[in-house]
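User: I would like to go through this structure with you, one topic at a time. Please have a look at it first.

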Amino acid sequence: MSESIVEWKPRPRNRVFIRLSGGRFFTVPLSDTLPLESGAVLSDEAIEQLSRVDQYFRGREKALRLLSIRARTRYEIKSALGGLNIMDSIRSGILDELKEKGLIDDRRFAHEYVRSRIEVSGLGPHRLKFELEKRGVHPAVVGEVLESEISSEEQEQVARGLVAKKLAGQKPTENDVRRIAALLQRKGIDYEIVNRLTVELLECTRQGNTID
């Protein structure tokens, strides 16, 4: 069913706001509305085209706003666009375009995320695996990235740093040992390293020493 344009107003960034007699409204680039003006009658096909253009630009702008704040995975952007009433085909097209332009790259995101979370929060591979998969990074990519980004030696160094920070130079008590073991587990440190450090800490409690 055809409808007429009852409102046509310029908007910033070379856009135009269009309201139709049936109540629907769109904001689209001016170039897509050059033949149109207030009072023009639109066919169903023309209205559908306006709707698609409106969906594309709304989705793309939201995605770019989110990416301007921080890097995100394809899954995160896809989820964010889910509430905009955008057709699946248009949403997929936006995601593919962003990937082609290098604006979303799950592998690069995973490398940067892992390095940052190790350095800032002292996380181990088990916690990092959980966090990356929660953000939609494919498990195979997660495994590859973790293997390349964190060695057993670095993981132990990170764990010992957490222990040293927690004890602040004090001799550990048995309560300290329990709390530290729980902390290392929450951080996602390998069980083997947690167990080894726990044994060392318990030995320190018996001998009254600080851990190296």
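User: In which loop does N85 lie?
Analyst: N85 lies in the loop between α2 (74-81) and α3 (88-100). Helices here are DSSP runs of H or I with at least four residues, strands are runs of E with at least two, and both are numbered from the N terminus. The model is a predicted one: local features need pLDDT of at least 70, side-chain atom pairs count only at pLDDT 80 or more, and totals for chains, interfaces and linings use all residues. Residues are numbered from 1 along each chain as its sequence is written, and side-chain values use heavy atoms, with hydrogens and water left out.

User: What is the phi of N85?
Analyst: N85 is not a glycine, yet its phi is positive, at about 60°.

User: Is N85 buried or exposed?
Analyst: N85 is exposed, its relative accessible area being 68%. Buried means under 20% relative accessible area, exposed means over 50%, and partly exposed is in between, with a 1.4 Å probe and protein chains only.

User: And what about A168, where is that found?
Analyst: A168 is in the loop between α7 and α8 (174-186). A168 is also not a glycine and has a positive phi, of about 50°. With a relative accessibility of 58%, A168 counts as exposed.

User: Let us turn to helix α5. Which of its residues are buried?
Analyst: Helix α5 covers residues 125-134, and P125, L128, E131 and L132 are buried in it. These buried residues fall within an arc of 125° when seen down the axis of α5, so they line one face of the helix. The arc is that of the directions from the helix axis to the C-beta atoms.

User: Why would residues with such a spacing point the same way?
Analyst: An α-helix has 3.6 residues a turn, so residues three or four places apart point the same way.

User: What does the other face of α5 carry?
Analyst: The face turned away from the buried side of α5 carries the exposed residues F130 and K134.

User: What covers the buried residues of α5?
Analyst: The cover includes α4 (106-121), α6 (139-149) and α7 (152-167). Contact means heavy atoms within 4.5 Å. Just after α5, G136 takes a positive phi, of about 90°.

User: Now the whole protein: how many helices and strands does it have?
Analyst: The protein has nine helices and four strands. Read from the N terminus, the elements run β-β-β-β-α-α-α-α-α-α-α-α-α. The radius of gyration is 27 Å, well over the 17 Å that the globule rule gives for 212 residues, so the protein is more spread out than a compact globule. That radius is taken over C-alpha atoms, and the globule rule is 2.2 Å times the number of residues to the power 0.38.

User: What does the C-alpha trace span along the principal axes?
Analyst: The C-alpha trace spans about 90 × 30 × 25 Å. Of the 212 residues, 40% are buried. Among contacts with a separation of 6 or more, 57% are between residues 24 or more positions apart.

User: Back to the strands. Where is G39, and what is it in contact with?
Analyst: G39 is placed in the loop between β3 and β4. G39 is in contact with S4 and I5, leaving aside its neighbours within four places in sequence. G39 and V6 are 33 residues apart along the chain, and their C-alpha atoms are separated by 5.9 Å. At 48% relative accessibility, G39 counts as partly exposed.

User: Which helix holds T198, and is T198 buried or exposed?
Analyst: T198 lies in helix α9 (residues 191-207). T198 is buried, with a relative accessible area of 18%. Not counting residues up to four places away in sequence, T198 touches V177 and A181.
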